[in-house]
Protein chains: 2
Amino acid sequence: MAFNEVFQYSIVSALMDGVATHGIPIARVLEHGDHGLGTFRNMVGEMIVVESEVYQMKADGSVVHIDPETTITPFATVTRFRPTTTKKAAVSGKAGLEDLLNSMFPKARNHFLAVRMDGVFTKINVRTAGGQLKPREGMVDVCSRQTTHTFEAVKGTIVGFRCPEYVMGVNVAGDHFHFITEDRQRGGHILAFETDGDVEIGAAQLSNFHLELPSEDEEFNEATLKLQAQGIKKVEG
Amino acid sequence: MAFNEVFQYSIVSALMDGVATHGIPIARVLEHGDHGLGTFRNMVGEMIVVESEVYQMKADGSVVHIDPETTITPFATVTRFRPTTTKKAAVSGKAGLEDLLNSMFPKARNHFLAVRMDGVFTKINVRTAGGQLKPREGMVDVCSRQTTHTFEAVKGTIVGFRCPEYVMGVNVAGDHFHFITEDRQRGGHILAFETDGDVEIGAAQLSNFHLELPSEDEEFNEATLKLQAQGIKKVEG
């Protein structure tokens, strides 16, 4: 796949419906991208892909460096990331990052963005999903038991995407970011952050979206996959 | 692109918002598929792609064989079609075709289907959109002036797709079929049909979806692209 195109396996509505037993080896996902996020079988932990390295950020606070050949993902979004615009700027938090991306890409409302931000975080709140208690347990229930962690004065990297409104349900409309510390020991799905001083932002506008659906997957085939926009905003917003 | 994958340029919600001034040469679309449907600049007529040949079916009843190098499309969906299942059967009409596809592909509710049907139609009703009266005129308004034609005792081909519910707005959820006569002189977007005797159906289940968004297109960038599910069902159902 070319640089700066989105590759996605399965859809967010499938996770909402608890479709997370099967998937594809992460090595298959890495053929299409070196930067992204996702989850693992049974929604155990949060996935972050940084420079082709894959980490599982677990609810107990631990981070596991993943072997992509032997680990399966039921949902992931990646790109072969080559930032087209970079900026050194003060970013006060999630809303500040949103504003900055709007100013960096004024014509991207209906396109995708891939984003990376590196810096020192005075405070960052993340959540990690602990996983399903039973097959087909939906993401809202899984996330009702999510663990949250707050890290202070850590250096690290944000990886994520902005998706246009019209893919809500297929992916998450809006900004969706995961975080990992520079030492790769802590991280999760970002709820809020604060920075002090300049951070480095790199981003690219993406106009090609490739979706691979689960095949031969009874859970996926049987799911209703109705759009649960409020539920998605609650757990992924 | 491999056989039996979906390639799509732009999204149906863009047509709903009247984004139809610009696009890409149809030759670019044919690189990804030999079978499909779409529209032309300013929504003038209905597009059908049969075995890599492209036809514009116009509101005056005429059909034009298109030069793909010099003609632009603002929206098209194609696949490199290789039917995996074929059947000779009696098909009473649109509902009968829907039932037959359900029985041919019992596990495809959340996947795409590409469909072709060849036979003699005792009666077939089609519509053709005459085009926008002004830039950004939306598809509901364009189709409020659609022309309908009824052909009787014609031999011809149906080409189209079934899309899963969760891509409503990106494409058309459900069945979407265009028709052209064997002599390539008549056709349009199918409203209803009747057959008498067996027809030949070929179809394939598609698990990969590739979407290319318009880039450098101010109309697309400025459109709100809100989901108008009822409007889409009205004009494309």
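I count a residue as buried when its relative accessible area is under 20%, as exposed when it is over 50%, and as partly exposed in between, using a 1.4 Å probe and protein chains only. Helices (H or I, at least four residues) and strands (E, at least two) are DSSP runs, numbered from the N terminus. The model is a predicted one, in which local features need pLDDT of at least 70 and side-chain atom pairs count only at pLDDT 80 or more, while totals for chains, interfaces and linings use all residues. Residues are numbered from 1 along each chain as its sequence is written, chains are lettered from A and ligands numbered from 1 in the order in which they are written, and side-chain values use heavy atoms, with hydrogens and water left out.

**Entry 1: strand S8 of chain B**

Strand S1 (residues 6–9) of chain B pairs with S8(B) in the antiparallel sense over four bridges, and here B:Tyr9 has B:Ala76 as its bridge partner. Strand S3 (residues 35–39) of chain B also runs antiparallel to S8(B), joined to it by five bridges, with B:Leu37 bridged to B:Thr77.

**Entry 2: two side chains in chain B**

I then checked B:Thr157, which lies in strand S11 (residues 147–163) of chain B and counts as buried because its relative accessibility is 4%. Its side chain makes a polar contact (a pair of N or O atoms within 3.5 Å; within protein, one must be able to donate a hydrogen and the other to accept it, and residues adjacent in sequence count only if both atoms are side-chain atoms) with the side chain of B:Asp118 at 2.5 Å. Taking contact as heavy atoms within 4.5 Å, and leaving aside neighbours within four places in sequence, I found B:Thr157 in contact with residues including B:Ile48, B:Val50, B:His178 and B:Arg184.

B:Asp67 is found in the loop between strand S6 (63–65) and strand S7 (72–73) of chain B, and I recorded it as partly exposed because its relative accessibility is 39%. The side chain of B:Asp67 reaches the backbone nitrogen of B:Glu69 at 3.0 Å.

**Entry 3: where chain B meets chain A**

How many residues does the contact take from chain B and from chain A? I noted 25 residues from chain B and 25 residues from chain A. The buried area, meaning the accessible area (1.4 Å probe) that two parts lose on being put together, summed over both, is about 2300 Å², of which carbon and sulfur atoms give 51%. In chain B, B:Asn110, B:Tyr166 and B:Leu213 lose the most area to chain A, together 25% of what that side buries.

Defining a salt bridge as a side-chain nitrogen of Lys or Arg within 4 Å of a carboxyl oxygen of Asp or Glu, I found two across the interface. One of them joins B:Lys107 to A:Glu218, the closest N and O atoms being 2.8 Å apart. The interface also has 19 residue pairs in polar contact, both at pLDDT 80 or more. The largest share of the side of chain B that touches chain A, five residues, comes from S15(B). Strand S15 (residues 208–212) of chain A pairs with S15(B) in the antiparallel sense over five bridges, and A:Leu211 stands opposite B:Phe209.

Methods
Two strands pair if DSSP finds at least two bridges between them.
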